[in-house]
Amino acid sequence: MAGFENEHPAYQNRTTLVVSKKHKLLIFSILKTWHFLRFCSRNKTGCIMIKNYLLVAIRNLRRNKVFSSINLMGLTIGMASAMLILLWIQNELSYDRFHEKKDRLYEIYNRDKFNGKIWAWDYTPKVLAPTLKKDFPQVEDAVRMRNANFLFNVGDRHFNLAGNFTDSGFLNMFSFPLLKGNPDLALRGNGHIVLTETTARKLFGKEDPMGKVVRVDSADQFTVTGVLRDLPNNTRFNFEYLLPWTYMQELGWDDNYWVNNSVQTYITLKPGVTETAFDARVRNITIDHSREGAIKSDAQVFLHPADKWHLYSKFENGRIAGGQIETVRLFAIIAAFILLIACINFMNLSTARSEKRAKEVGIRKVVGAAKAKLIGQFLGESVLIALLAGIAAVLIVQLSLGPFNLLVNKELFIDFSSPYFWISGLGFILLTGLIAGSYPAFYLSSFKPVKVLKGSFKTAHALVKPRKMLVVLQFTFAIMLIISTIIVERQIEYAQNRDSGYSKDNLFYSFMQGAMQNNFEQIRNDLLSSGAATGVTRTTGTMVSRSSDTWGIQWSGATEADKKLDFNLLGTDDAFAKNMGLKLVQGRDINARLYITDSSAMLLNESAAKVMRFKDPIGEIVRFNEQNFHVVGVIKDFILESPYEPITPMLITGPNRYGFYVLNVKLNPAHTVAENLVRAEQIFKKYNPAYPFEYHFVDEEYAAKFADEKRTGKLAALFAGLTIFISCLGLFGLATYTAENRIKEIGVRKVLGASVTGITALLSKDFLKLVILSIIIASPLAWWAMNTWLKAFPYRIKMEWWVFAAAGILSVLIGMATVGFQSIKAALANPVKSLRSE
């Protein structure tokens, strides 16, 4: 049903064989239509019967406009909702499935025990890929990838662009098609670069970029040797250019350390080599090669197949434990239930109005109509309504895709040119029609003609249980979605309100590029003297993500087991705690300007001081990377990574041999942010004129940590609302029918003195009982589902009773409003009109 962002054949999740199947299916559909037309030309009686069924169906739709509209609206909204979810699911399932070698394509993962748990991660030593390629004949190719951020200069155009360093075999391993260039040669030369088509257009406009020269970081020149088609939205990769690995070596960023996990490694196995067999061979490669070094590694490596990269990225105890597939399954269930609820509306309204069509069934049976023919007629009517609803649903989906894409952060679309869309779309409509019409068709066709034509036909007792069960099923699912939405929102709010441990306000960071390293002192002094900033601090990473971690730390009293404790690592120069708004629990801040020895100073967070078992940490010596550091202070724990996870022990070191990559600036609250940024930009341009002034506010980056959960919450709220609306449509239809059926009873009661309130309560109570029963069933089911979901978050809320009570009260109010409107309308009607025929 869905298409792909890019229509190039290499981005479609089909091989040449599958494309030929498309044509076969299209030809098959045409042949079936032709055979049907031939049947009609030869069997005029059959065609007349079909025509008669269509006319009856259309007349019924016209005659019962209210019920037809409710059925049509319910099916339309249900089908549109299901289509939107299915488009999203199709996109999720297609991630990186377009690579020709996907069945032999793997990423290398590490597995090791830290902090008492087995962890799995996808960063590996730089030396791993060439070793695998050289020493293992089972490996067809191995490539490395590492992020790159450089300033690109072409004439007077300057852009900071994000790309990757990679090996020359990347373009043959992955099926990202080159619009221009040779995939075998594009990344083989030292001065070669491959651009995406958007990047090429950004740098060179409409000119042919091939052979053109790009200056990187105002120093090195590269020749464009390839232009890649823009990456599709169903891939894990996200880069604007590719640089050869030889440039990494030229910059001195390559190394042969088996304990430095800093790049991603991908391999393709030769045909016939299995994942299990190769896993066994390669498992101890890091252990074996790190034996000779000062730091030894116990990490085992294993393969993670391409078809699991996106959907199965969550590991527990070193094993796959789910991931995005859980969300996909959740929304698949939601899509199925929304469609089922829409179909239930159709069933309920069709069977509720069975008395209206009982005589029609009786007469047809008397004149010889078989039960199978009647079932076919009623199914045909439901398929016709489903067809009309399907057409309307496609229009709604097409109009809704813009806002929906913004919500899910994707670029979904319907590929109307694909035969698969038409075949799957018609199949979807047919399935919906058959589900919706199945129960009414079998029920209506089972009427006894003698009872019907004698007028002794009664439906009340036969239909009470099935119809009530269907209404309860509708509202049970709707109430479950309401409860789930509330809990998801509360979990997000709970994490957002968690103390981050530092001050995010008026704090931005900028990556240190170009002349910023050499001119740091001037930039710092001017920012402070101009009043734009109250503090400036350099760090080796940002405050919103892990930049480095280490293990094998030594300190007084450390045991052998302590060497397997993992610590986050961050380097700084001075006034780190002050400028970041961190709270000092013990000791002082690092200040290399005031204390010369602070080049080897260290701050511990509370978690680190705890696992190191220090009674008084100040003055303790901590050793790692063959260097001693002295502890000068302990800071309160702050959130560096996920706000849903426990805080990891952390070491913050003073300025040493490692360089600084991030400049953190605390803006002056005495001025507006806009004023501060204007002054800061002038200063940055003065000392680093070749580079654009780019910055990232920490509070915005921190808020982005909640994006996935917020998206899930919004989707759940959207579809919960639609589910409630569809359920209420059905309830409204049943209430309308009940009021019509009991209009004379209501008239008699009013004549005998019944009040409007009493009649309203009489008509509403049966429906409200069903809603209350739905609440009783939905509450434990929702508790179980959300308890399972919350277990994924170590830092989580407790589910409180009032959430279930609030959802129940809301459901009752919605039910009362839906049924009450029609009940009050019936109660206010003039009894003279309803009793006139008597």
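Analyst: Strand 1 (105-114), strand 3 (124-125), strand 4 (139-154) and strand 11 (261-269) all pack against the buried residues of helix 4. The model is predicted. Helix 4 covers residues 128-135, and its buried residues are Leu 128, Ala 129, Thr 131 and Leu 132. They line one face of the helix, because seen down the axis of helix 4 they fall within an arc of 165 degrees. In general, an α-helix has 3.6 residues a turn, so residues three or four places apart point the same way.

Now the cores. The largest nonpolar core has 61 residues. Those with the most contacts inside it are Ile 483, Tyr 502, Phe 576, Leu 582, Phe 638 and Ile 652. Helix 15 (residues 460-496) gives this core its largest share, twelve residues. A second, separate core has 44 residues, including Leu 75, Ala 80, Leu 339 and Leu 401.

Ile 652 shows the packing in detail. Leaving aside neighbours within four places in sequence, Ile 652 is in contact with Leu 570, Thr 572, Phe 576, Ile 590, Ala 601, Met 602, Leu 603, Ile 635 and Phe 638.

Last, the loop residue. Asp 415 sits in the loop between helix 12 (371-408) and helix 13 (419-444). Its relative accessibility is 17%. Buried means under 20%, so Asp 415 counts as buried. The side chain of Asp 415 makes a polar contact with the side chain of Ser 417, at 2.6 Å.

Notes:
Residues are numbered from 1 along each chain as its sequence is written. This is a predicted model: local features need pLDDT of at least 70, side-chain atom pairs count only at pLDDT 80 or more; totals for chains, interfaces and linings use all residues. Side-chain values use heavy atoms; hydrogens and water are left out. A nonpolar core is a set of buried Ala, Val, Leu, Ile, Met, Phe, Trp, Tyr and Cys residues joined through side-chain atoms within 4.5 Å. Buried means under 20% relative accessible area, exposed over 50%, partly exposed in between (1.4 Å probe, protein chains only). Helices (H or I, at least four residues) and strands (E, at least two) are DSSP runs, numbered from the N terminus. Contact means heavy atoms within 4.5 Å. A polar contact is a pair of N or O atoms within 3.5 Å; within protein, one must be able to donate a hydrogen and the other to accept it, and residues adjacent in sequence count only if both atoms are side-chain atoms. The arc is that of the directions from the helix axis to the C-beta atoms.
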